[in-house]
Every structure is written in structure tokens, then in C-alpha cells.
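Subject: Structure for your files

Hello,

Please find the structure below, with notes on what was found in it after that.

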Amino acid sequence: MARVQAKLNAQANRLVKDCAGLTLTQWRLIALIGATGRSTAAQLSRYAAMDKGLISRNLKALGEENLVRIIRDTEDNRLQHLELTAEGRALFDSTLPRMQARQNALRDRLDEEEVRAFLATLDKLEQAAEDPGLG
């Protein structure tokens with residue numbers, strides 16, 4: 001699994017670097033914010049199962065590139081709301097079809113029965129990973 005994950009990540013990294021000039025982590029954050037609308041770092045951490053520090057560093061870079069707008073909550077200064085800027089939205093809109101095409105091409109390598117079995121297997125492994133008795 002680790003070998004396949006590494007190869008798929010390397011492939012996705014090359015694609016997102018070529019078409020958006022971003023790292024894969026940055027793209028994942030742009031994609032999540034683009035898909036969900038206004039978000040917080042905590043929400044992104046839950047959605048993506050990413051470390052909050054990794055998210056924070058990448059959001060800072062995306063903010064400096066004017067791709068993500070970081071807005072302090074008026075009631076809770078510790079809370080930051082995140083949304084795509086116009087430039088970030090344009091990048092999301094232009095990159096998403098290429099990433100979806102890649103996703104579809106990968107999925108097309110499997111027939112429907114294989115897809116169902118694969119997703120069921122991933123669900124079982126995720127449940128096992130959350131089982132405190134196994135760790």
C-alpha cells in the first residue's frame with residue numbers, strides 16, 4: 001500500500017505542479033476550500049486527516065500567494081475563516097477538471113466489482129486504523 005500511495009502521490013504532485021504550480025498538499029487545501037466554501041483550519045484537518053501544523057504552514061504560503069483569504073473571527077480571535085480569493089477560485093476552476101480526469105483515468109483501470117471491493121476494503125482498513133485495541 002505504501003508503494004502504491006507513494007507512486008500515486010508522485011504522479012499527482014507532478015500533475016498539480018505542472019498545471020497549478022502548487023504542491024500536492026497546497027492543492028488538497030485549495031480543493032477542499034473550493035469544494036466546501038468558507039472553512040476553518042480545524043475543518044480542513046478533519047476532512048483531509050492532515051496535521052494542523054502542516055495545514056497552517058501551507059495556508060500561510062497560500063495566503064502570501066493571494067490564493068486563500070484568511071479572515072479572523074470577530075468573536076473569537078483564535079478562529080480563522082478561510083476562503084478562496086478570486087485568483088484562488090480561478091486556479092481551482094482551471095485545475096479541478098485535470099485532477100478529475102486523472103481520478104477518472106485511475107478509476108477506469110478497475111471494473112465496477114473491483115471498485116466496490118476496493119472501497120469496501122478501504123472502509124474496513126479505516127475502521128481497523130481507528131480501533132484503539134489494535135494499537
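Where is the place of Ala49? Ala49 sits in the loop between H3 and H4.

First, the conventions. This is a predicted model, in which local features need pLDDT of at least 70 and side-chain atom pairs count only at pLDDT 80 or more, while totals for chains, interfaces and linings use all residues. Residues are numbered from 1 along each chain as its sequence is written, and side-chain values use heavy atoms, with hydrogens and water left out.

Confidence and overall layout

The mean pLDDT (the predictor's confidence in each residue, from 0 to 100) of the protein is 94, and 100% of its residues reach 70 or more. The protein has six helices and three strands, which run α-α-β-α-α-β-β-α-α from the N terminus on. The C-alpha trace spans about 50 × 40 × 25 Å along its principal axes. Of the 135 residues, 28% are buried; buried means under 20% relative accessible area, exposed over 50%, and partly exposed in between (1.4 Å probe, protein chains only).

Most residues other than glycine have a negative phi. Ala49 has a positive value, with phi near 55 degrees, and at 71% relative accessibility Ala49 is exposed. Asn66 also has a positive phi, near 60 degrees. Asn66 is in the loop between H4 and strand S2 (68-72), and is partly exposed at 41% relative accessibility.

The nonpolar core

A nonpolar core is a set of buried Ala, Val, Leu, Ile, Met, Phe, Trp, Tyr and Cys residues joined through side-chain atoms within 4.5 Å. The largest one has 24 residues, and those that touch the most other members are Leu22, Trp27, Ile30, Leu44, Leu59, Leu62 and Val68. At least two residues each come from H1, H2, helix H4 (52-64), strand S3 (80-84) and H5. H2 gives the most, with seven residues.

Leu62 lies in helix H4 and is buried, with a relative accessible area of 1%. Leu24, in helix H2, is buried at 6% relative accessibility. Leu24 and Asn13 are eleven residues apart in sequence, and their C-alpha atoms are 5.1 Å apart in space.

The aromatic pair

Rings of Phe, Tyr and Trp (its six-membered ring) pair if their centres lie within 6.5 Å; planes under 30 degrees apart count as stacked, over 60 as edge-to-face and the rest as tilted. By this rule there is one aromatic pair. The ring centres of Trp27 and Phe92 are 6.1 Å apart and the planes are at 25 degrees, so this pair is stacked. Trp27 is in helix H2 (residues 24-36) and Phe92 in helix H5 (residues 86-107), so the pair ties together parts that are 65 residues apart in sequence. Trp27 is buried, at 5% relative accessible area, and Phe92 is buried too, at 6%.

The largest pocket

The search used a 1 Å grid over the protein atoms alone: a pocket is an open set of points with protein on both sides within 12 Å along at least five of seven lines, whereas in a cavity a 1.4 Å probe fits but cannot get out; lining residues have an atom within 4 Å of a point. Points are joined across faces, edges and corners, and a volume is the space filled by probe spheres set on them.

The largest pocket has a volume of about 1700 Å³. Its lining has 35 residues, of which Leu8, Arg28, Gln103, Phe118 and Leu122 lie nearest the centre. Two or more lining residues come from each of helix H1 (2-20), H2, helix H3 (41-48), H5 and helix H6 (112-129). By class the lining has 22 nonpolar, six polar and seven charged residues, where Ala, Val, Leu, Ile, Met, Phe, Trp, Tyr, Cys and Pro count as nonpolar, Asp, Glu, Lys and Arg as charged, and the others, Gly among them, as polar.

Regards

Key: Helix = DSSP H or I, 4+ residues; strand = E, 2+ residues; numbered from the N terminus.
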